[in-house]
Amino acid sequence: LTLRVIHILAGVFWVGGTLIMTFFIAPAAGSTGEAGQKFLNHVMNNMKFGQNMAVAAILSMLAGLALFWIDSDGFTSAWMSTGAGRNFGIGAGFSIVGFVFGVWIGNTGRALAKLGAQAQGKPSAEQAVQMQKLAKQLRTFSLSAATFLIIAVFFMSIARFA
């Protein structure tokens, strides 16, 4: 029961945070100029959003792995070939890919912040091009993470009924 609660609550935080950041906070910060960038900087640095997301993702995945281990009797039982076993496994695979995109989001966000700090005001033409490239990567990685996590939630939510 404890593992299930940890898995679900951490997963809700992880997936919910990803969706809110991808579809609302980041676009709003991007469209509100310097004020939005200051807000996003505060959320990421002062409130440690990225670190909290990483902790939630890791807790969710570890608890999920432990639950999968228990349900499958150490990944050995016939349960793994049932609808539930397959769907939990597929969901786990999608969540791992979503996590990898999350790592790339963090790395890209840090690179973008570093470049912005180096610009100190109006960026040079070269810095502006690099910032646009990183911002585009960040959007692509965010949409990808959100998509993979939505698919993971779908498979996990139907697993017991398959």
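Start with Arg 160, which is partly exposed, at a relative accessible area of 46% (buried is under 20%, exposed over 50%, partly exposed in between, with a 1.4 Å probe and protein chains only). Asp 71 sits in helix H3 and Arg 160 in the segment after H5, so the pair ties together parts 89 residues apart in sequence. Asp 71 is partly exposed as well, at 31%.

A word on what you're looking at: this is a predicted model, where local features need pLDDT of at least 70, side-chain atom pairs count only at pLDDT 80 or more, and totals for chains, interfaces and linings use all residues. Residues are numbered from 1 along each chain as its sequence is written, and side-chain values use heavy atoms, without hydrogens and water.

Next, pick Glu 34 and Lys 38. They form a salt bridge too, with the closest N and O atoms 3.5 Å apart, and both residues are exposed. They are four residues apart in helix H2 (residues 33–46), which means about one helical turn separates them.

Last stop: select helix H1 (residues 2–31) and helix H5 (residues 125–158). Helices here are DSSP runs (H or I, at least four residues), numbered from the N terminus. Their contact (heavy atoms within 4.5 Å) includes Trp 14 and Phe 23 of H1, and Leu 149 and Met 156 of H5.

Notes. Axes fitted to C-alpha atoms, helices over the stretch in contact; angles between N-to-C directions. Helix = DSSP H or I, 4+ residues; strand = E, 2+ residues; numbered from the N terminus. Salt bridge = Lys/Arg side-chain N within 4 Å of Asp/Glu carboxyl O.
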